[in-house]
Amino acid sequence: MLLGARIMAMRPDTRALDMNVEGHPGLKAIVDIVAYKISKTQEGQSTEENFQKAGTAVKEYISDHFKDPEDFWERIKKASGDTKELQDIAEGIYRYYYRRKDLTFDMVRDRIGRDVDIALRTITDLIAYSIYHSSDDKGPEVNLITAETFVAEYVSKNFSSMEGFDRRLKELGHDVTALRSFSGAIYKHFCDNKPR
């Protein structure tokens, strides 16, 4: 499904709209940007696989956000030569794709390490601070690596997607208290389960 790929998005009445990437430069640029972003993550594979994932992400985004795929075309047309608008659309599709994916340890750790998710980063920093004030303190650098490992392991084992993680945070509250509560739960879990 490289550049000549065709992405099929379903209308609500189940008739398909054929979206020819080659025939629409705006859509081609969006798929390219999403594929590029996928290639820069730890799940990045071959070029062809990255384009396949990008095509799937675009298709899912359209079917989940637009009652009629023609509305998506209209949004692209409104960009009218503005590459920043195309980038914003692609970034939104990529974020949507990433949040719906099954979580893995590496995926969560990658999000923390690249400061992609401020909630995960804050939770990690709070845990590193707790480690600093414990008998497990090994210095700031090691504490941070340990905290990243704690968070990546806990989140990937207990949540099937970033959407599930976000829902849990919202259940805990809408401010820093939720992040503090979540970091406390993760830290306690690993303190209770660490080898003696």
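## Helices and rings in a predicted model

In other words, the secondary structure comes to nine helices and two strands; helices (H or I, at least four residues) and strands (E, at least two) are DSSP runs, numbered from the N terminus. This is a predicted model, with local features needing pLDDT of at least 70 and side-chain atom pairs counting only at pLDDT 80 or more, while totals for chains, interfaces and linings use all residues. Residues are numbered from 1 along each chain as its sequence is written, and side-chain values use heavy atoms, with hydrogens and water left out.

Let's start with the whole protein. Buried residues make up 39% of its 196 residues. Here buried means under 20% relative accessible area, exposed means over 50%, and partly exposed is in between (1.4 Å probe, protein chains only). Of the contacts with a separation of 6 or more, 60% come from residues 24 or more positions apart; a contact means heavy atoms within 4.5 Å.

Two packed helices are described by the angle between their axes and the distance between the axes. The axes are lines fitted to C-alpha atoms, for helices over the stretch in contact, and angles run from 0 to 180 degrees between N-to-C directions.

Take helix H1 (residues 25–39) and helix H2 (residues 47–65): their axes come within 8 Å and cross at roughly 120°. That makes H1 oblique to H2 (under 35 degrees counts as roughly parallel, over 145 as roughly antiparallel, 65 to 115 as roughly perpendicular and the rest as oblique). On the H1 side, the residues that meet H2 include Leu27, Val31 and Ala35, and on the H2 side they include Phe51, Ala54 and Val58. The residues of this contact of H1 with H2 divide into ten nonpolar, three polar and two charged. For that sorting, Ala, Val, Leu, Ile, Met, Phe, Trp, Tyr, Cys and Pro count as nonpolar, Asp, Glu, Lys and Arg as charged, and the others, Gly among them, as polar.

H1 also meets helix H4 (residues 83–100), with axes within 9 Å that cross at roughly 45°. That makes H1 oblique to H4. Among the H1 residues in this contact are Ala29 and Ile33, and among those of H4 are Leu86 and Tyr94. The residues of the contact of H1 with H4 divide into eleven nonpolar, two polar and two charged.

**Rings that pair up**

The structure holds nine aromatic pairs. Rings of Phe, Tyr and Trp (its six-membered ring) pair if their centres lie within 6.5 Å; planes under 30 degrees apart count as stacked, over 60 as edge-to-face and the rest as tilted. Here are two of the pairs:

| Pair | Centre to centre | Between planes | Type |
|---|---|---|---|
| Phenylalanine 150 and phenylalanine 190 | 4.5 Å | 5° | stacked |
| Phenylalanine 159 and phenylalanine 182 | 6.0 Å | 40° | tilted |

Elsewhere, Tyr61, Phe66, Phe72 and Tyr96 form one aromatic cluster.

**One threonine**

Threonine 124 lies in helix H6 (residues 118–132). Is threonine 124 buried or exposed? With a relative accessible area of 0%, threonine 124 is buried. Not counting residues up to four places away in sequence, threonine 124 touches Ile112, Leu144, Ala147, Glu148 and Val151.
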